[in-house]
Amino acid sequence: MRFWRRASQTVALGGGYAFAALVGLQADPAKAFDLSSLDVFGLFTRKDEPPAPSAATLPYKLDFDLGEADDAKALTRTLQDASLLYRLRQDAPPDGESLSRRMAADLNPLVDALWSQGYFNADVSLVVDGVPLAVGAEPGAPLIRALEAHRNRDAVPITVRVRPGKVFGFRKIDIVERDRAGSAAIADPLKVSKLKAGEPATAASLRAAQAGLIDHMRAQSHPLAKVVELRPVVDHAAGIMDVTYVLDPGPLAGFGDITVGQTDEIPPEVVRSFIYLEPGDPYSPKALADTRKSIAKIPAVASVRIREADKLDGAGNLPIFVEVTERPKRLLGFSARYSTIDGPAVKVYWEHRNLFGGAERLRLESSVFLAPRIDGTKIQRFGDFERSDLGGRFAFSFMKPALDGSRYDWLLDGVATRERVGTNRYGGYTARYANATTAIRYRFSDTFSVQAGLEVERGQTSDVLGQVDYTLVGLPLSVNYDSTDSLLDPTRGIRATASFTPYPTFLGSTVGIYQAKAAISGYYALDDDARYVLAGRVGFGSISGASLDEIPATRRFYAGGGGSVRGYAYRSLSPLGPFGQLTGGRSLLELSAEARIKITETIGIVPFFDAGTAFESSLPDGKQKLQMAAGLGFRYYTSIGPIRVDVAAPLNPRKGDKPVALYVSIGQAF
């Protein structure tokens with residue numbers, strides 16, 4: 001690096017090759033430990049204040065003088081990150097000679113930091129009481145005397161004097177392929193590299209271009225692609241840089257053998273059943289990412305490591321090695337939620353993630369919630385509270401994944417519920433029921449699965465249409481497709497579910513009905529970083545085979561609530577029967593649209609529109625108008641998912657609907 005600096009002062013076109021080292025060998029400020037940075041608000045420490053003067057040490061203070069530089073604030077931060085003097089400012093050296101050596105050692109990293117930002121003609125010096133120390137100079141007696149003059153008096157004032165000059169830009173950008181015969185591996189390499197003539201020639205842009213070229217080739221099934229040479233040439237007189245990348249695409253390859261290694265106490269065959277890659281499939285980084293996500297769906301898995309071999313096998317394919325670590329087997333949790341419309345609820349749950357040693361999951365959960373009054377009365381004081389104002393739910397779910405190492409999973413679910421649903425203004429229903437469902441699921445891929453099973457439910461419901469005591473025995477069938485990139489915060493892809501369940505009387509049902517449900521949501525990112533995402537959802541439902549009053553109220557359709565049409569009370573949108581009370585419907589239509597906008601990396605806003613209702617007929621018709629709502633959501637993005645705060649207002653409210661509703665939860669609305 002020093003040779004390049006000396007040579008660059010006399011040769012207009014020279015020293016460019018050393019910039020490759022600068023791109024890869026940046027000073028890493030994270031290796032310096034500054035515990036005072038833990039005091040985020042500066043309440044207890046003042047890390048910019050030097051230690052107190054003493055006879056035994058020479059404390060110093062550091063000032064950065066960048067003259068009239070346009071981006072002085074950002075450039076100062078870059079220089080501070082690279083400066084050893086700055087990082088060690090709380091560690092005062094014992095004497096002037098030691099401090100002068102520290103100053104001399106700081107000049108080259110400062111120059112490197114300036115070059116990384118495209119300032120190749122920068123002038124840098126360190127000045128103490130008018131005595132300068134320039135790049136390449138050795139600290140002399142005048143500087144040491146100037147330093148020692150401050151002993152036991154005050155902190156040595158060191159000024160980092162920088163005249164950065166202008167930012168160099170790219171002029172000529174070449175991307176060549178080594179030993180390549182025939183057509184180029186990259187049709188438009190400049191587009192892939194994202195380098196443009198005239199843009200600042202920074203180290204970050206060069207590194208990003210190199211990574212972009214390699215990522216593009218790997219996505220084209222060239223897993224061993226690499227940039228073998230980077231040739232930057234700096235013209236100091238013209239203030240420009242020419243750069244040439246020499247790319248080795250490597251051979252076209254597929255996936256080789258997939259070896260499942262460490263799995264802790266999870267059977268390797270269970271892990272293997274969630275891997276949908278097969279030897280010979282075209283190599284793809286996306287396929288590896290999808291595999292990692294697929295394996296992570298096993299509840300017992302904590303982390304997934306996928307390692308690629310460094311060379312191809314005899315068939316010209318790349319072997320893959322998979323390792324997983326296991327989560328803690330037992331989990332105990334608690335959650336609480338509150339909505340101005342839905343009211344409060346608390347839930348406790350317990351889970352075992354490897355019950356019998358085959359990655360089986362058993363989950364038990366119990367919740368208690370406030371059941372809304374639907375008879376026109378209100379809870380005005382504590383003495384008005386009755387036992388019937390509390391609802392409860394107990395549920396269990398069991399999953400045994402990968403039966404005999406196959407892609408079949410066995411599911412067993414059960415629930416017992418006592419609830420009251422509705423509003424004071426429009427009434428609702430009360431229900432007590434118990435349900436048990438067992439099913440077999442087959443996974444075609446990490447995105448598509450089908451499921452079939454047996455369901456039994458026995459219960460009692462009561463509403464304005466009367467009381468229904470019922471037994472339902474059905475054969476639920478469902479399909480699920482999910483190509484989204486995230487469970488809690490999807491930005492791309494499609495999520496779709498559809499189910500059909502017949503409850504024929506010959507199986508033991510007291511009322512023969514046929515129920516169909518479907519929902520599809522789509523997500524489209526307008527930019528590569530997914531800062532602007534359009535999201536939409538459509539929900540549909542239908543019941544046929546019986547009249548409305550014969551169908552249990554819990555099986556009828558209702559809209560409204562935080563996961564449906566926000567702004568309206570939970571399950572309060574449906575046809576009205578006698579006395580203007582809710583009856584539920586035999587069909588359902590829901591529509592939602594959102595624009596998810598990230599303002600910063602952690603803060604976002606989401607304007608949204610919802611519409612929907614339930615219909616008396618078995619299919620949605622035009623006899624009932626859709627209830628509509630609009631609102632604004634706020635998102636705080638965390639590592640586990642966004643914290644959602646939605647404020648919604650009905651656009652065509654009915655008498656009795658509240659003017660605004662608030663929802664708080666984790667994850668997007670859909």
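Tutor: Gladly! Let us begin with one word: contact means heavy atoms within 4.5 Å. Please keep in mind that this is a predicted model.

Student: Which residues is D242 in contact with, leaving aside its neighbours within four places in sequence?

Tutor: D242 is in contact with R171, K172, R231, P232 and V233. As for its place, D242 is in strand β7, which covers residues 240-248.

Student: Why is D242 called buried?

Tutor: Buried means under 20% relative accessible area. D242 has 16%, so D242 is buried.

Student: What makes the pairing of D242 with K172 a polar contact?

Tutor: The cut-off for N or O atoms is 3.5 Å. The backbone nitrogen of K172 lies 3.0 Å from a polar atom of the D242 side chain, so the distance is within the limit.

Student: What does the side chain of R443 reach, and which side chain does a polar contact join with that of R443?

Tutor: The R443 side chain reaches the backbone oxygen of S273 at 3.0 Å. A polar contact of 2.8 Å joins the side chains of R443 and D409. Both S273 and D409 are among the residues in contact with R443, and that list also includes F274, Y276 and F448.

Student: Why is the pair of D81 and R77 called a salt bridge?

Tutor: Side chains of opposite charge can pair when their charged atoms come close. For a salt bridge, the nitrogen and the carboxyl oxygen must be within 4 Å. The N to O distance for D81 and R77 is 2.8 Å, so the pair counts as a salt bridge. Both residues lie in helix α3, four residues apart, about one turn of the helix.

Student: And what makes D81 and R77 partly exposed?

Tutor: Partly exposed lies in between the limits for buried, under 20%, and exposed, over 50%. D81 has a relative accessibility of 28%, so D81 counts as partly exposed. R77 has 41%, so R77 is partly exposed too.

Student: Which parts does the salt bridge of R373 with D389 tie together?

Tutor: The closest N and O atoms of R373 and D389 are 2.5 Å apart. R373 and D389 lie in the loop between β13 and β14, so the pair ties together parts that are 16 residues apart in sequence. Both R373 and D389 are buried.

Student: How many salt bridges are found in the whole structure?

Tutor: A search finds 37 salt bridges. Another one of them joins the side chains of E351 and R353, at 3.3 Å from N to O, and both of these residues are buried.

Student: Last one: how are helix α5 and helix α6 packed?

Tutor: Two packed helices are described by the angle between their axes and the distance between the axes. For α5 and α6, the angle is about 115° and the axes are 9 Å apart. The residues making the contact include L99 and M103 of α5 and L143 and I144 of α6. The contact residues divide into five nonpolar, two polar and two charged.

Key. Residues are numbered from 1 along each chain as its sequence is written. This is a predicted model: local features need pLDDT of at least 70, side-chain atom pairs count only at pLDDT 80 or more; totals for chains, interfaces and linings use all residues. Side-chain values use heavy atoms; hydrogens and water are left out. Helices (H or I, at least four residues) and strands (E, at least two) are DSSP runs, numbered from the N terminus. Buried means under 20% relative accessible area, exposed over 50%, partly exposed in between (1.4 Å probe, protein chains only). A polar contact is a pair of N or O atoms within 3.5 Å; within protein, one must be able to donate a hydrogen and the other to accept it, and residues adjacent in sequence count only if both atoms are side-chain atoms. Axes are lines fitted to C-alpha atoms, for helices over the stretch in contact, and angles run from 0 to 180 degrees between N-to-C directions. Ala, Val, Leu, Ile, Met, Phe, Trp, Tyr, Cys and Pro count as nonpolar, Asp, Glu, Lys and Arg as charged, and the others, Gly among them, as polar.
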